[in-house]
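Please read it with the sequence and the structure at hand.

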Amino acid sequence: MQPLPFRSRSYPSPAEAEHIHDSELEALKAGDEAAFQSLIHRHHGPMLRLAMSHVGDRGVAEDVVQEAWLTCLRSLDRFEGRSSLKTWIFGIVINVARARRRKEARILPFASFWRRDDSDSRRPTVDQSRFGSDGMWRAGPHSWDNVPESKVLGGETLQKVKAAIESLPPKQREVILLRDVAGFEAVEVSALLGISAANQRVRLHRARAAVRKMLEEYLG
Amino acid sequence: MNCRQVVELMTDYLEGTLSAADRARFEEHIAGCDGCRAYLAQMRVTRRLVGRLADEPIPEPVERELLEAFRNWRLP
C-alpha cells in the first residue's frame, strides 16, 4: 500500500499509534484513571456517531456506547493486543450496536434498514447530465474558495453534513464514519468490517461523493 | 481521461491506489481542468467537514458513571 498522500487531520503513523496504544493499554491495565478518561473523551464522538448509525435513536446510541465501554472493561484482561486498542474498542461498539439493533427491530420496524443498498455498485456518483457527450463537464462544480469560511465551517454546514450522512445506506455510512470521523486507516476498516480493500474504497467513494453533493447544493 | 471518468477516480487518487500510469493521466487531466480541480478540492473539504462530527463532548453524567465503573473494575 502506498502512503495516503493527503490527510486533512493528523493521525499518528501506524507504528507510532501502536506505540501509543501499547503504553495506553499498560496504563489501563494498571488502573490509571486519567488514561481511561482520556480514552473515553477521545473516542466518545466517533463511537456515538457509529452507534447512532446502527440504532437511529440518540438515547439508545448513548446506551450502546456506555454498554460498549463496560464490555471493554470486563474483557480488557483478555485483550492480547493482536489489534490496536482502538480497533478492538470499535469492534466492540459495532457488536453491541448490532445486537441492540436486532433487539430494537423486534419492537419497531426500522424503515431505513429495508431500503435498497447500492453501496458496492460502481454506478456513477455524479449526475450524468452534468457531462456533455464527450464526457467533459457541461456545468462544472464551482470552487468553494470564495465561500466565506464562516459559512463553510458554520453550524448549518455541519447540520447538512449530519443529514447527508444519516441519509446514506448503512454500509456506506459505516465506512465513512470509521474513516473520516473515527480516523481509521483503510486496512483497519477492511479488517473491522470484514470487507475487501476494493469494497471499502467503493463505499467510501460513494459516501463522500453523496456528502459532497449535498454540500454543493448548500455551498454552491 | 475525461471528466466523467476522472470524478469516479477521485477516491482512488486520494487513497493513493491508482497505478503510476493512471495517476499520471489523472494529474495531467486535473492540471488542465478547472471543474475537476474544483471537484477534487471539494472532496477534500468534504472529508474535513465530516471529520468535525468527531467533536462531541461526552455528557458529564455518563463520564462520571464510566469513571466510577473504572474505579470499581478491579474490585471483587
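## Chain A: burial and fold

Of the 220 residues in chain A, 33% are buried, where a residue counts as buried if 20 or more other C-beta atoms lie within 10 Å of its own, as exposed if 12 or fewer do, and as partly exposed in between, with C-beta atoms placed from the backbone. Chain A has nine helices and zero strands, helices being DSSP runs of H or I with at least four residues and strands runs of E with at least two, numbered from the N terminus. Among the contacts in chain A with a separation of 6 or more, 69% are between residues 24 or more positions apart; two residues are in contact if their C-beta atoms, placed from the backbone, lie within 7 Å.

Residues are numbered from 1 along each chain as its sequence is written, while chains are lettered from A and ligands numbered from 1 in the order in which they are written. Because this is a predicted model, local features need pLDDT of at least 70 and side-chain atom pairs count only at pLDDT 80 or more, whereas totals for chains, interfaces and linings use all residues.

## Confidence

The model scores ipTM 0.93 and pTM 0.88. Chain A averages a pLDDT of 87, with 86% of the residues scoring at least 70; pLDDT is the predictor's confidence in each residue, from 0 to 100. Within chain A, confidence is lowest in helix 1 (residues 14-29), at a mean of 69, and highest in helix 9 (residues 197-219), at 97. Over residues 1-15 of chain A the pLDDT is below 50, and this stretch has 18 contacts in the model beyond near neighbours in sequence.

Chain B averages a pLDDT of 94, and 97% of the residues score at least 70. In chain B, the lowest confidence is in helix 5, at a mean of 93, and the highest is in helix 1, at 98.

Chain A is divided into domain 1 (14-107) and domain 2 (123-219), with bounds that come from an automatic or database domain assignment. The centres of domain 1 and domain 2 of chain A, taken over C-alpha atoms, are separated by 26 Å, and the contact takes nine residues from each of domain 1 and domain 2 of chain A. On the side of domain 1 that touches domain 2, helix 2 and helix 4 of chain A are the elements that give two or more residues. The residues of that side of domain 1 divide into five nonpolar, three polar and one charged, where Ala, Val, Leu, Ile, Met, Phe, Trp, Tyr, Cys and Pro count as nonpolar, Asp, Glu, Lys and Arg as charged, and the others, Gly among them, as polar.

Ser121(A) lies in the loop between helix 4 (85-107) and helix 5 (149-152) of chain A, and Ser121(A) counts as exposed because it has 10 C-beta neighbours inside 10 Å. The C-alpha atoms of Ser121(A) and Ser84(A), which are 37 residues apart along the chain, are separated by 31 Å.

Leaving aside neighbours within four places in sequence, Val65(A) is in contact with His44(A), Met47(A), Leu48(A), Ala51(A) and Val93(A). At His44(A), helix 2 of chain A bends by about 50°, and a proline, Pro46(A), follows within four residues; the bend is the angle between axes fitted to the seven residues ending at a residue and the seven starting there. Helix 2 of chain A is followed by Gly56(A), whose phi is positive, near 80°.

## Where chain B meets chain A

In the contact between the chains, 42 residues of chain B touch 53 residues of chain A. Helix 1 (3-8), helix 2 (10-15), helix 4 (34-51) and helix 5 (60-72) of chain B are the elements that give two or more residues to the chain B side, and helix 4 of chain B gives the largest share, 15 residues. The residues of this side divide into 19 nonpolar, nine polar and 14 charged.

Glu56(B), in the loop between helix 4 and helix 5 of chain B, touches His44(A), Gly45(A) and Leu48(A), not counting residues up to four places away in sequence. Glu56(B) is partly exposed, because 14 other C-beta atoms lie within 10 Å.
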